[in-house]
Amino acid sequence: MLKKIKVWASKLKQQARILQIVYQDQRTPIKAKILIWITLGYLFSPIDLIPDFIPVLGLVDDIIIVPILIAFAIKLVPKAVWADAEDKVQNQPQEKWKLNWMVLLFICCAWLTCAYFIYNFVKIHYYK
């Protein structure tokens, strides 16, 4: 069982690397790029929809949501673009991921904005 999980996790990591390369390809349609951006943002975001410390449910979002987003992104990407990116990942597995600071900044700002609105909502409605 543990071996299957490790294989699944390495495949997920490989697909995330492929998505990063596909995102940078000029042949990728804009709809696919938006979904890839959301997928990678959710995957690399330090904040999950359901926190990981909640037993069982905390890991469900990572086990279900991320693969579903990746599957939808794969369907939107042309097969030739996906095959080229897959070959690139297979031939250059040691290549480092480029960190996009703008994406990281946007993700952090989005989560902080959500936290701010939730705080204000709770403050107004429950602490009058």
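Biologist: What are the ground rules for the values?

Modeller: The model is predicted, so local features need pLDDT of at least 70 and side-chain atom pairs count only at pLDDT 80 or more, while totals for chains, interfaces and linings use all residues. Residues are numbered from 1 along each chain as its sequence is written, and side-chain values use heavy atoms, with hydrogens and water left out.

Biologist: How many helices and strands are there in the chain, and how do you know?

Modeller: There are five helices and zero strands. Both are DSSP runs, numbered from the N terminus: helices are H or I with at least four residues, strands are E with at least two. The order from the N terminus on is α-α-α-α-α.

Biologist: What share of the contacts in the chain with a separation of 6 or more comes from residues 24 or more positions apart?

Modeller: The share is 68%, where contact means heavy atoms within 4.5 Å.

Biologist: Why is the pair of D84 and R27 called a salt bridge?

Modeller: The term requires a side-chain nitrogen of Lys or Arg within 4 Å of a carboxyl oxygen of Asp or Glu. The closest N and O atoms of D84 and R27 are 2.7 Å apart, so the pair meets the rule. D84 lies in helix α4 and R27 in the loop between α1 and α2, so the pair ties together parts that are 57 residues apart in sequence.

Biologist: How many salt bridges are there by this rule, and what links them?

Modeller: The count is two. D25 and R27 also meet in a salt bridge, at 2.9 Å from N to O, and D25, R27 and D84 are linked in a network. D25 is buried, because its relative accessible area is 18%. R27, at 45%, counts as partly exposed, and so does D84, at 39%.

Biologist: What makes the rings of Y116 and F117 an aromatic pair, and of which kind?

Modeller: Rings of Phe, Tyr and Trp (its six-membered ring) pair if their centres lie within 6.5 Å; planes under 30 degrees apart count as stacked, over 60 as edge-to-face and the rest as tilted. One aromatic pair is counted. The centres of the Y116 and F117 rings are 5.7 Å apart and their planes stand at 65 degrees, so the pair is edge-to-face. F117 is exposed, because its relative accessible area is 54%.

Biologist: How do you know that the charged end of K33 sits over the ring of Y23?

Modeller: That wording needs NZ of Lys or CZ of Arg within 6 Å of the ring centre and within 35 degrees of the ring normal. The charged end of K33 is 5.8 Å from the centre of the Y23 ring, and is listed as sitting over the ring.

Biologist: Which residues form the nonpolar patch on the surface?

Modeller: The patch consists of W8, I63, I64, I68 and F72, with about 490 Å² of accessible area together. Patches take residues with over 30% relative accessible area and no salt bridge; like charges are joined within 9 Å, nonpolar side chains (Val, Leu, Ile, Met, Phe, Trp, Tyr) within 5 Å. W8, in helix α1 (residues 2-24), is partly exposed, with 39% relative accessible area. The largest share, four residues, comes from helix α3 (residues 57-76).

Biologist: What is the accessible surface of the chain?

Modeller: About 9800 Å², with 70% belonging to carbon and sulfur atoms. Accessible areas come from the Shrake-Rupley method with a 1.4 Å probe; for residues, only the protein chains shown count as cover.

Conventions. Buried means under 20% relative accessible area, exposed over 50%, partly exposed in between (1.4 Å probe, protein chains only).
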